[in-house]
Amino acid sequence: MCDMFGCVIVSQDEVKVVEQLGKYMMVARPGLNCILPCLCQFVKGTLSMRLMQMDITCETKTKDNVFVTLKVAVQYQVNPDTDSIKDAMYKLTNARAQIESYVYDVVRSAVPKIELDDVFTSKDEISSTIKSQLTDSMSSFGYTILASPITDIDPDREVKRAMNEINKARRLRMAAVDEGESVKIRAIKEAEAEASRTEIQAKADAEAKFMAGQGISPQR
């Protein structure tokens, strides 16, 4: 906000860049700032100092020729020092487009080197690579990259269906194995119980025959 007397009010979450005769002059920070329109001092533009996030969706192909879509959430912010604010205002026209192009570059160079199953296990490594390259690239434009997590990995629909069928078949096989083991254990236990009963009965019969042979009545 700027009035005719040169008073510029800057919000807490913003900074403004002031020029004089078309040349950078200063950064107007939160609060009341005074400029002199009569000396051709004007506000060039406003930058938000808030933490910002952009969600990027990138489709690529894995090493085993499976199309997969990755979603990356990039969190970024303009650095608060004067040089960074100046760089963000004058060196870069569209920060979001620049970040998006870097993310595409990393994803489309990293994912084709690994197979689909490894994409899921390597997502933290891919995310770290994205953050590292973005940090190196965007620091020269006055931005810092706070995080770039991969929030979703979505294979081609037919591949996803096939994966679900494979998982279903594996679970059924495991259930069948478990059921077979249960039947086997029950059979063993029943056989052991039957053997124990047979052994007890055989001992009882032998005892009865022995006592009968001695002429002693079993009733005593």
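Let's start with how the chain folds back on itself: among contacts in the protein between residues at least 6 apart in sequence, 65% join residues at least 24 apart. Keep in mind that this is a predicted model. Five helices and nine strands make up its list of elements, and reading along the sequence gives the pattern β-β-β-β-β-β-β-α-α-α-α-β-β-α.

Now look inside. Of the 220 residues in the protein, 27% are buried. The largest nonpolar core brings together 37 residues, and V74, I99, V103, I130, L134, M138 and Y143 have the most contacts inside it.

Next, turn to the largest pocket, which holds about 200 Å³ of space. It is lined by 14 residues, and L47, A88, T93, A95 and Y143 are the closest to its centre. You have met Y143 already, as one of the residues with the most contacts inside the largest nonpolar core. The elements giving two or more residues to the pocket lining are β5 (41-48), β7 (67-78), α1 (82-90) and α2 (95-110). Of these, β5 gives the most, with three residues. Sorted by class, the lining has nine nonpolar, four polar and one charged residues.

The accessible surface of the protein comes to about 14,300 Å², and carbon and sulfur atoms account for 53% of it.

Technical notes. Residues are numbered from 1 along each chain as its sequence is written. This is a predicted model: local features need pLDDT of at least 70, side-chain atom pairs count only at pLDDT 80 or more; totals for chains, interfaces and linings use all residues. Side-chain values use heavy atoms; hydrogens and water are left out. A nonpolar core is a set of buried Ala, Val, Leu, Ile, Met, Phe, Trp, Tyr and Cys residues joined through side-chain atoms within 4.5 Å. Buried means under 20% relative accessible area, exposed over 50%, partly exposed in between (1.4 Å probe, protein chains only). On a 1 Å grid over the protein atoms alone, a cavity is a set of points where a 1.4 Å probe fits but cannot get out, and a pocket is an open set with protein on both sides within 12 Å along at least five of seven lines; lining residues have an atom within 4 Å of a point. Grid points are joined across faces, edges and corners, and a volume is the space filled by probe spheres set on the points. Helices (H or I, at least four residues) and strands (E, at least two) are DSSP runs, numbered from the N terminus. Ala, Val, Leu, Ile, Met, Phe, Trp, Tyr, Cys and Pro count as nonpolar, Asp, Glu, Lys and Arg as charged, and the others, Gly among them, as polar. Contact means heavy atoms within 4.5 Å. Accessible areas come from the Shrake-Rupley method with a 1.4 Å probe; for residues, only the protein chains shown count as cover.
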